[in-house]
Amino acid sequence: MQRPGHGAFLTGLVLFSSTAARGHGACVELDSATEAVVNEGFKMDCISCKTRGEVPATAVVKWSFKASGESNYSDLYIYKNMQGEILDPRFFGRLVWNGNKDTLDLQDGSLYILNVTYNDTGTYECTFERLLIYTKYQHEVNRPKYINLTVVPQYTRGMASILSEVMMYVSIIGLQLWLVVEMIYCYRKISAAGEEALRENEAEYLAIASESKESCAGVQVAE
C-alpha cells in the first residue's frame, strides 16, 4: 500500500535525553539521528507523548520501511501487548526493541538496528496507534513519524553540529568573562564604599576630638 510522502521528522517539543521519555512523568519528543555507520549499531528514535498524561491509554507501534529506490513501504516491525515481532526478512535478527517495556501505555517506540548495511538506507515510518480510554468513550489517535536514514562508511559531523559546539564554547567563555568583570566591578565598588566610610569615620573622629579639645580649653579658662 502506498504511504504518504515523507516530510521532515520534526517534533513540537524541546530536545532532551530519550531516557526521559520513558518515564510517563517527563515525556519529551526528539528528532532521531539520520546518519548510520555501516557494520555498526544504530538507534532510531520514535517518541510520541500523550497530550493528556492523566488519561489512561494503550498503544501499538508499527514500523514500515521503504528502501532507497523503492516506491512502496513494507511492514518492518510491530510492538503490541508488550511483544515485538520483526516482519521484514531483510532485518531478521538485526532489530531490537528499544522503547518502553512492561507497559501498554507506550510513548517511546524506538528501535535499534544491529550491523547496519548499505541496504538499510531509506525512509522509515514509525506510527503510534494510541487508544485513549475515557470514562464513557474511547478515542483512537494515529501519529506517524518519518526518519530518512543514510548509511555512510564512517561518521561525519554535520555543519550544524560543529556550529552548535562552537557557539557553546563561545557562550561559556563569554559567561566567564562577564563573571570576572562583574567580580572586579563589585570588588571596586565595595572597596570604594569602604574607603568612603573610613574617611567619614576619620572626619567624624577628628571633629569630635576637636570639639572635646575646645571644651577642655574652655573649662581651663573658666577655672
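This is a predicted model: local features need pLDDT of at least 70, side-chain atom pairs count only at pLDDT 80 or more; totals for chains, interfaces and linings use all residues.
## The six-stranded sheet

The strands β4 and β5 belong to an open sheet of six strands, which has the order β1-β9-β8-β3-β4-β5 and mixed pairing. Its edge strands are β1, covering residues 35-37, and β5, covering residues 83-86, each of which pairs on one side only. From one strand to the next, the twist averages 25°.

Within this sheet, β3 and β4 pair in the antiparallel sense over five bridges, and Lys-62 stands opposite Ile-78 in β4. The hairpin of β3 and β4 has six residues between the strands, and there Gly-69 takes a positive phi near 95°. Strand β3, residues 57-67, also runs antiparallel to β8, residues 122-133, to which it is joined by 11 bridges; Ala-59, for example, has Arg-130 in β8 as its bridge partner.

## The three-stranded sheet

A further open sheet consists of three strands in the order β2-β7-β6, with antiparallel pairing. Here the edge strands are β2 (42-44) and β6 (95-97), each pairing on one side only, and neighbouring strands are turned by 25° against each other on average, with direction ignored. Three bridges join β6 to the antiparallel strand β7, residues 111-113, where Ile-113 stands opposite Leu-95.

## The nonpolar core

The largest nonpolar core has 26 residues, of which Met-44, Val-61, Trp-63, Leu-76, Tyr-77 and Tyr-124 touch the most other members. The elements that give two or more residues to this core are β2, β3, β4 (74-80), β6, β7, β8 and β9 (138-152), and β3 gives the most, with five residues. In soluble globular proteins, nonpolar side chains tend to be buried together.

## Contacts of Tyr-77

Which residues does Tyr-77 touch, not counting those up to four places away in sequence? Its contacts include Val-61, Lys-62 and Trp-63, together with Gly-84, Glu-85, Ile-86 and Leu-87, and they extend to Leu-95, Trp-97 and Leu-111.

Note on methods
Residues are numbered from 1 along each chain as its sequence is written. Side-chain values use heavy atoms; hydrogens and water are left out. Two strands pair if DSSP finds at least two bridges between them. Helices (H or I, at least four residues) and strands (E, at least two) are DSSP runs, numbered from the N terminus. Axes are lines fitted to C-alpha atoms, for helices over the stretch in contact, and angles run from 0 to 180 degrees between N-to-C directions. A nonpolar core is a set of buried Ala, Val, Leu, Ile, Met, Phe, Trp, Tyr and Cys residues joined through side-chain atoms within 4.5 Å. Buried means under 20% relative accessible area, exposed over 50%, partly exposed in between (1.4 Å probe, protein chains only). Contact means heavy atoms within 4.5 Å.
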